[in-house]
Amino acid sequence: MSVRGETRLWIAQRASAAVLALCVIVHLVTIVYAVRGDLSGAEILARTRGNAAWLAFYTLFVLAVTVHAPIGLRAVLGEWLGWRGRSRDLALLAFAMLLAVMGMRAVFTVFA
Amino acid sequence: MTPLRVRVWRGGAQGAFREYEVPRHESQTVLDVVTHIQRALDPSLAYRYACRVGMCGSCAMTVNGAPRWTCRTHVDKVVKNDRLEVAPLKNLPVIRDLVTDMREFFDKWARAKGQFKGAATRKDEFARISPAGERRKLADASIECIGCGVCYAACDVVAWTAGYLGPAALNRAWTLVNDERDAQQAARLRTVAGDAGCHSCHTHMSCTERCPKQLSPTAGIAGLKRAVAAAALKGEL
Amino acid sequence: MRQGSSWWVAVVHRVSGIALALFLPAHFWVLGQGLAMDGFLKWTEQPLVKAAEWTLVVLLAAHLGGGLRVLALEFLPWRDWQKSLAAGAAALTVGYGLALALAL
């Protein structure tokens with residue numbers, strides 16, 4: 001990848017990190033809330049289904065993760081497995097697509 | 001005092017530790033220990049030093065697993081159960097025993113455009129740079145590097161990524177990025193960006209931990225990340 | 001312990017990131033199951049699963065702590081206290097882990 005491309009990856013990684021920082025804090029608080037409230041699956045879904053605000057929030061969450069996770073793995077694959085070059089980037093792109101598809105499916109199942 | 005049992009690396013990339021018994025003294029440095037071994041016990045031992053007073057950085061070696069200036073490392077500070085282990089600096093090819101080949105270290109320095117290049121001639125006025133200026137203060141905070149290689153030896157990313165320029169080269173590049181007289185800024189930003197450059201720094205901060213001059217290459221590299229990103233966003237990279 | 005605190009935080013940050021990246025597809029798959037969730041949630045009552053869940057969430061908190069540290073180091077002007085960000089990240093993680101453990 002070109003130096004310009006790698007710079008853009010770094011920017012995307014930090015930008016998505018900032019978005020995720022907010023999303024994760026909300027998510028972690030929600031988890032504790034749900035656990036303390038001892039909510040069942042049906043109870044959780046009752047609160048989340050049809051909720052446009054949560055739908056939007058988790059869509060943003062999924063998109064940010066789709067950017068962030070593969071770029072993070074890129075460094076690990078290169079540095080710890082010695083996997084560099086085009087094939088690594090293509091594999092990570094495929095992983096990103098997988099996260100996007102599965103993530104949005106989950107979002108729609110829970111919030112739509 | 002109980003004599004020291006000192007394990008010293010002998011050989012090249014292939015080799016082994018050999019143990020020597022060295023008399024212990026009050027106020028003794030690891031360089032004193034290595035020197036004693038070479039002068040009194042085994043003249044075939046190869047090692048480097050010059051100033052022996054913490055100014056040149058030539059005596060850098062791995063002591064009990066950590067890169068240090070041996071002339072500035074008191075035995076008292078590192079000895080464990082009267083034992084010491086001395087090895088060559090990591091991340092550099094071993095020429096023999098405690099001597100490493102520093103060429104790659106300095107080649108990367110050059111590749112990071114770690115040398116000043118001005119555009120003025122003798123006919124021009126002197127550049128007026130205030131020491132209190134924002135950029136000059138940033139440069140000055142990182143300028144005292146003497147190229148000893150300790151940070152390079154400490155860096156995991158240097159070990160993991162062959163082409164990584166490393167903390168010293170990037171730190172020097174940072175001082176020049178902040179030198180308003182330098183005429184290579186665009187080319188320098190390009191060369192310090194990417195996987196071979198600043199973007200591979202994962203802020204382990206081993207360089208900052210170990211630098212004998214208390215410099216922080218991590219800080220300089222963070223600055224490079226910001227400068228490179230700004231240039232990229234402006235379409236100047 | 002020869003490595004500095006920043007080294008440990010960075011390693012935890014990396015390992016937790018890998019774990020989370022591997023966990024996410026499974027997480028998304030389960031959530032995509034929808035109504036079948038209750039049956040699945042019954043399975044999650046088992047103590048071993050609860051422990052695994054707690055571990056994953058704590059890894060998320062650890063990754064967040066380490067990530068905030070990286071953002072601070074890279075974007076804020078350099079100050080000496082930034083060397084202790086590692087401790088801050090660790091504190092955040094432990095704090096959250098305790099809070100979650102008490103809730104579970």
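## Chain B at a glance

How many helices and strands does chain B have? In this predicted model, chain B is built from 10 helices and 7 strands. Its C-alpha atoms occupy a box of roughly 65 × 35 × 30 Å along the principal axes.

Of the 237 residues in chain B, 46% are buried. If you look at contacts in chain B between residues at least 6 apart in sequence, 64% of them join residues at least 24 apart.

Where the two touch, domain 1 of chain B contributes 13 residues and domain 2 of chain B contributes 15 residues.

Let's look at the domain 1 side of this contact. Strand 3 (60–63) and strand 4 (66–69) of chain B each provide at least two residues there, and strand 4 of chain B has the largest share, with 4 residues. By class, this side of domain 1 of chain B holds 7 nonpolar, 3 polar and 3 charged residues.

## Where chain A meets chain C

Chain A and chain C touch through 27 residues from chain A and 27 residues from chain C. On the chain A side, the elements giving two or more residues are helix 1 (3–36), helix 2 (41–48), helix 3 (52–81) and helix 4 (86–111) of chain A.

Helix 1 of chain A gives the most, with 10 residues. The chain A side as a whole divides into 19 nonpolar, 5 polar and 3 charged residues.

## A closer look at helix 1 of chain A

Helix 1 of chain A has 34 residues, so at 1.5 Å a residue it should span 50 Å; its end C-alpha atoms lie 48 Å apart, in agreement with that figure. Along the way there is a kink of about 25 degrees, centred on Leu20(A). Leu20(A) is also one of the buried residues of this helix, a list including Val3(A), Glu6(A), Trp10(A), Gln13(A), Ala17(A) and Val24(A).

What do the buried residues of helix 1 of chain A pack against? Their partners are helix 3 of chain A, helix 8 (185–192) and helix 10 (217–233) of chain B, and helix 3 (47–75) of chain C. Just after helix 1 of chain A comes Asp38(A), with a positive phi of about 55 degrees.

Terms used
Residues numbered from 1 in each chain as written. Chains lettered and ligands numbered in written order. Predicted model: local features only at pLDDT ≥ 70, side-chain atom pairs only at ≥ 80, totals over all residues. Contact = placed C-beta atoms within 7 Å. Nonpolar A, V, L, I, M, F, W, Y, C, P; charged D, E, K, R; others polar. Expected span 1.5 Å × (residues − 1). Bend = angle between axes of the 7 residues up to and from the residue. Buried ≥ 20, exposed ≤ 12 C-beta atoms within 10 Å, placed from the backbone.
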